[in-house]
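Let me put the structure up and walk you through a couple of spots in it.

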Amino acid sequence: MTALSLQKLSVTLGKNPVLRDLDLTIHPGECVGLIGPNGAGKSTLMRAALGLIPSRGRSSLASLPPSERARAAAWLPQTREIAWDLDVATVVALGRTPYRRLGVPLSEDDQAAISDALAKADVASFADRRVGTLSGGEQARVLLARALAQKAPLILADEPVAALDPAHQIATMETFAAFSREGRTVITALHDLGLAARWCTRLILLNEGRVFADGPPSDVLTLDNLRAVYGVEVHLEESAGGLIVQPLSRTT
């Protein structure tokens, strides 16, 4: 059984090839970190996998009918600003849309999923506030709650911790790790290599639209790989909580 299968997936934006013949299989129970420098293809990979942009090749997710795809995967995009003049609870309730008929009140299952998502994203305390009154980091957590409320077996999250303070960055990664331990799947693009090393079960290092390395964090985050792809020297140290990664300097 697979959570996502990509075969020869390629994307060209304008005249620029962004993804080049990617073959990937993601399994249930994995927390997968997509890492790589700016422009490596992380966001493009997820958007193409969801069928949000034109691509060549095959994605098992994009090939589903839209209604089935909405139940199969939750999408947390990189853009965090919420334009709607709604309260937090209403925004989070939008995550239940794939399971509801228009005009039908929220069911008990819907209410339970929303309450659980509000708590996990730490936004329950301001569920009645209008989203326009929130900070950027708080809005990011509201959108995370909306994705969690969807209760899909797969979450794709594009830089979900970028606007968060350290405590909420860790809380988000803890939530993703718990999600995968339940047998569900997370694919998340990350720039923080320390968080990726500590919380992901598998890392996929992209460079120039191709997979440069794929495997457990300790196999992917090597001195040679990080020099070759990022052009940085790093300090690597094994600890009880996982691999510690601290960039030190550029190599050039």
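Predicted model: local features only at pLDDT ≥ 70, side-chain atom pairs only at ≥ 80, totals over all residues.

Start with strand β6, residues 154-158. How many of its residues are buried? It's 5 of the 5, so β6 is largely enclosed by the rest of the structure. In a regular strand, side chains alternate between the two faces of the sheet. Here, both faces of β6 are covered. On one side you've got L154, L156 and D158, on the other I155 and A157, and all of those are buried.

Okay, so who pairs with β6? One partner is β5, residues 73-76, which runs parallel to β6 and is joined to it by 4 bridges. To find that pairing on your screen, look for A73, whose bridge partner in β6 is L154. Then there's β7, residues 185-189, also parallel to β6, over 5 bridges. There, D158 has A189 of β7 as its bridge partner. To get from β6 to β7, the chain goes through helix α6, residues 166-181, and that β-α-β crossover is right-handed.

Now the cysteines. How many disulfides are there? The count is 0. Take C31: the nearest cysteine sulfur belongs to C200, 4.2 Å away.

Notes: Residues numbered from 1 in each chain as written. Heavy atoms only, no water. Buried < 20%, exposed > 50% of the residue type's maximum accessible area, 1.4 Å probe, protein only. Helix = DSSP H or I, 4+ residues; strand = E, 2+ residues; numbered from the N terminus. Pairing = 2+ DSSP bridges. Right-handed = clockwise from strand over helix to strand, strands pointing away. Disulfide = S-S within 2.5 Å.
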